Amino acid sequence: MTGDFPLTFGGADLVLLPERAAYRPNPNAGSGGTLYVADTHWGKTAAFRAGGIAVPAGTTAADLSRLTAALRRVGATRLVVLGDLLHARQGRNEPAFNEAIRTWRAGVADVRIELVEGNHDRSAGGPDPRWAIDVYDEPTPDPPLVLRHVPHADPRGAVLAGHVHPAIRLDGPGGERLKLPCFHIAGDVLTLPAFTTFADGLSIRPTVGDRLCVIADGAVIEVDTSL
Amino acid sequence: MNTHLSKQPTAAARTRAKRTVRDWFSATGRKPFRFQTRAWNAYAHGESGLIHATTGTGKTLAAWLGPVIDGLARGETVDPAKAREAETKRRRRSPPLRVLWITPLRALAGDTENSLRVPLEALGLNWSLESRTGDTTSKIKSRQSKRLPTALLTTPESLSLALARADCVEQFAHLECVIVDEWHELLGSKRGSQTELCLARLRRWRPGLKTWGLSATLGNLEEAAATLLGTSGDAPTILSGGRRKKYAVDSILPQNVERFPWSGHLGLKQLDQVLPIVESAASSILFTNTRSQTELWYQAILKARPDWAGRIALHHGSLGKESRRWVEAGLKNGELKCVVSTSSLDLGVDFAPVDRVLQVGSPKGVARLLQRAGRSGHAPGQTSRVTCVPTHAFELVEVAAARAAMDAGRIEARTPPKKPLDVLIQHAVTVALGTGFDRDELLAEIRTASSFAAVTEAEWDWCLDFITRGGEALRNYPEYSRVVLRDGEYRVEDKGIARRHRMSIGTIASDAAVEVRYLKGARLGTVEEHFLSRLKPGDKFLFAGRPLELVKVFEMKAWVRRAKGTTGAVPRWSGGRMPLSGELAAAVRERLEEARDGEYRGPEMKSVRPILELQRDWSHLPGRDELLIERVKTRDGHHLFFFPFAGRQVHEGLGALWALRLSRRVSTTFAVTVNDYGVELLSPVPAPLEAALNENLLSPERLREDIAESLNAVEMAKRQFREIARVAGLVFVGYPGAGKSARQMQASSGLLYDVFQNYDPGNLLFKQASEEVLDRQLDAARLRETLERINAAKVLLSDCRRPTPLAFPLLVDRMRERVSSETLADRVRRMTLRLESAAG
């Protein structure tokens, strides 16, 4: 797809995808690589419903089919979630939610799924064993990279992380304004945007030397930060 | 409980009671006004209605003494033998809740309570009188939950909360009268709708309930009275405060109008002329239109006159309760020389010592100017005088226009919202939480509230389905339940849901408020979260008249310390951009037409003449039947300026409409800027203006459809949805101390809007947002009227070499909306990274 954005990061070849994910092809073959996403916050609307707030169902289902589509498009055989797979303990036992996850998992049974545990996962109680998701503590090495939930430099290698849901404001002539989710590279740390669309982005303040790639209309576009 | 309490007094007893009241008036050297005695008689006859008059004319006693005379006639006086009894014992012996006094601002409750207490004590009634607001201590709350006082002062929100109690029917079993103070403040808002629903409920329990409203003068008094009384019952009695007050409006004229700015809103240039006025007045109030202006003016005055430290003060809605009380007390006892204030001092009891009122910037409306002028000159026969301090040249025209409209008695109307379903949903959950309800009975009840008279069966069923099953989109989620239907009765059963609902009752939409506190602990007030989000630790800002440094933000509190030296940002609060009212806008158009014809009447128009003549020479001065359009090219792009002079609110709609119609002819993005005079459309390529003018650019046809289609409408609906989502209980505004479970149910209303748009587009709350944008935010009726006027007007198209005095303020304004026919990716490629600055 023309909207993908390839780059070399910490000695690894990565492709930033407009699906709010990063892909690392298998160095030895064209396909069978790893798809990295962060902050899927599964069950967030279920938590709302459990609390008596009538949020329509559909976001989790839409997020899941977006995830399947991304896995299939690049031919990934491994999925790594960089924390906050789940949102909260409330609503976890909602049948419709559990049914949706089980159906989805069966559809991508050929994909190995790993989770680097985030703060929400800990309070939500971790994934259901039937989902077949391997859970790791942060940081966990994935040579030449290091995987974390909270963005933080690591002496063992360049870091992929999530947690902050980065977004950036852009200005145009005459006061035009946009706020878009983005990938944020600060030194040896690459922070992915939140995969779920049901979460607000946090406006970040890049410092000199940072790289920013925003997602707009199915394309990843690098923004000049040299100003 | 004494059984004689609810007995109606005899005519003779009533005559005696009235004589007692008259004697009390004479003993204090006063005589009741005609409208006051008429109000007492109307009350005795069981009538309901509205009393309107400006502040300081005795409205409070007109409404309050009706029930008081009734109490006297029933012999409800203090037994002299028991006069020394302990207060708690007296309270227990006092008659049960008889009168409910509703005030729009809880800050007013204390003062009102004091003024209601005066006649009770003077006349020796054995009534108890208390307030119940968000500020009430838990000790008083707990004794009120056992038994309410004879007269209770409360806010619409606290009344609504009272209806959420299981024993509310018994609590109100002896209620005879509800008095709604400052009804004009509530009328045009959803708090008014909430009040209507509460009143409908009380009236069902107490069929003979008398309702009286107190209001400032309005353009639609009959509608105001009818809305208050609801659809059941007799026609309202409307009484006018007889005494006509004299008003004088003047302005500080700029010494050199040629060098006076064409735009801006601070007006600090006029400080040197304001100081002598403050000096000469015994006590004055300086009103501004925004809270940030208040902070700046306060600092500027203090800097110019350090000797006034301690004698001048600051008052706005974000300040802590203690500091506001201190300021109000200082004004009342004449200790303060000057208070710089926003609309937070528009309402409330009289500040008798105030003899001068200043208004910085345009008052934006005739009623507001009257209200503010009324803050001065309380002594009988005195003239209420307001001096306007224009902040830019065209405000001189607005002042001249306001004076003309005031003289002609053209005062704005306030229209109640039409059946806001968010308020209805909140109310239904409240009632389910209180007594529980039956579908048909509650529908019949809410339809007696005027604003909800037209609620259809289908809409009602939708609301009930929404609160019980989450609506269509949650059909497959049987676990969802906010309200439970069991044996035909709707009830709230879950304790957590009940608690959160109680905490979120209230309909004023506001950004989450963050408390500002010193590290040592003292509270300073609150600021909107939005403002705080633009500051980082170490940044300095001005608040409560002090330069502060942000240390950290933690648990909904902003911890600060005193900053040394000068400051960067001044809090910029939302709500500061009041639109010019329709009445004032029409008066401005008249002044400009006179100016076009060379007629400059009054000191303001004479002062601004050189600038209006410059406008005429560079372009045109439009008459009432002309539409001026100016076209200019600058470094920023191609600008089109339209000048309908219809007020910001209508211009927002016109801007969206015209940008959409033009963008259908060319692929580009229009930046739309509006102010009270006109609309600016800025585009990177020239707009096909002539072709569009020849076709349908100005046509009122397809107005609703075109506006709804514009990108602007979506953005505005999103913003409007914020309020709706909060009222209907879809979002919680963060409250301190909320547990983790509450935090995990927080989402921004923007996100929720997107979710509803994608997965539940038939949701009526979602539709309500678009309708409210059209009807309330853009004022569709006025928009159509304006478009019809413009369509019939003669177009004056003027190609200008540089921005004219009229265009300049639009050019420098930074608040812009977008209407685009480009793709998002194309827009991103044109844009640059935003440089965040502390000043924002």
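A residue counts as buried here if 20 or more other C-beta atoms lie within 10 Å of its own. This cut-off is applied throughout to a predicted model. By this criterion, strand 9 of chain B is covered on both faces. Ser284(B) and Leu286(B) are buried on one side. Ile285(B) and Phe287(B) are buried on the other.

Strand 9 of chain B is flanked by two partners. Four bridges join strand 9 to strand 11 of chain B, and the two run parallel. Within this pair, Leu286(B) has Val340(B) of strand 11 as its bridge partner. Four bridges also link strand 9 to strand 12 of chain B, again in parallel. Here Phe287(B) is bridged to Gln359(B) of strand 12.

Helix 13 spans residues 291-304 of chain B. Its 14 residues reach 20 Å from the first C-alpha to the last, close to the 20 Å expected at 1.5 Å a residue. Buried residues of helix 13 include Arg291(B), Glu295(B), Trp297(B), Tyr298(B) and Ile301(B). Ser292(B), Gln293(B), Thr294(B) and Gln299(B) are buried in helix 13 as well. The cover over these buried residues includes strands 9, 10, 11, 12 and 18 of chain B.

Helix 15 of chain B, residues 366-373, is mostly covered, with eight of its eight residues buried.

The loop between strand 12 and helix 15 of chain B holds Lys364(B). Lys364(B) is not a glycine, yet its phi is positive, at about 65°. Most residues other than glycine have a negative phi. Lys364(B) is also buried, because 23 other C-beta atoms lie within 10 Å.

A separate topic is the open sheet of chain B. Seven strands form this sheet in the order 3-4-2-5-6-1-7, with parallel pairing. Its edges are strand 3 (129-132) and strand 7 (237-240) of chain B, each of which pairs on one side only. Neighbouring strands of the sheet are turned by 15° against each other on average, direction ignored. Glu130(B) stands opposite Leu152(B) of strand 4. Helix 2 of chain B, residues 34-44, lies across strands 1, 6 and 7 of chain B. The helix runs at about 160° to strand 7.

The domain assignment divides chain B into domain 1 (3-240), domain 2 (246-407), domain 3 (513-562) and domain 4 (619-840). The centres of domain 1 and domain 2 of chain B, taken over C-alpha atoms, are separated by 33 Å.

The largest nonpolar core has 265 residues. Those that touch the most other members are Leu35(A), Leu82(A), Leu160(A), Ile51(B), Ile179(B), Ala402(B) and Leu681(B). Helix 16 of chain B supplies the largest share of this core, ten residues. Leaving aside neighbours within four places in sequence, Ile51(B) is in contact with residues including Phe35(B), Ala39(B), Trp212(B), Leu214(B) and Leu239(B). Lys59(B), Ala62(B), Ala63(B) and Gly241(B) are also in contact with Ile51(B). A second, separate core of ten residues includes Leu524(B), Phe541(B), Phe543(B) and Leu550(B).

Chain A shows several backbone features. A cis peptide bond joins Glu138(A) to Pro139(A), with omega about -10°. Pro139(A) sits in the loop between strand 7 (133-136) and strand 8 (140-142) of chain A. The peptide bond from Pro143(A) to Pro144(A) is cis too, with omega near 0°. Pro144(A) belongs to the loop between strand 8 and strand 9 (145-147) of chain A. Most peptide bonds are trans. Asp39(A), a residue other than glycine, has a positive phi near 55°. The loop that holds Asp39(A) lies between strand 4 (34-37) and helix 1 (44-50) of chain A. With 24 other C-beta atoms within 10 Å, Asp39(A) is therefore buried.

Note on methods: Residues are numbered from 1 along each chain as its sequence is written. Chains are lettered from A and ligands numbered from 1 in the order in which they are written. This is a predicted model: local features need pLDDT of at least 70, side-chain atom pairs count only at pLDDT 80 or more; totals for chains, interfaces and linings use all residues. The expected span of a helix is 1.5 Å times one less than its number of residues. A residue is buried if 20 or more other C-beta atoms lie within 10 Å of its own, exposed if 12 or fewer, and partly exposed in between; C-beta atoms are placed from the backbone. Two residues are in contact if their C-beta atoms, placed from the backbone, lie within 7 Å. Two strands pair if DSSP finds at least two bridges between them. Axes are lines fitted to C-alpha atoms, for helices over the stretch in contact, and angles run from 0 to 180 degrees between N-to-C directions. Domain bounds come from an automatic or database domain assignment. A nonpolar core is a set of buried Ala, Val, Leu, Ile, Met, Phe, Trp, Tyr and Cys residues joined through C-beta atoms within 7 Å.
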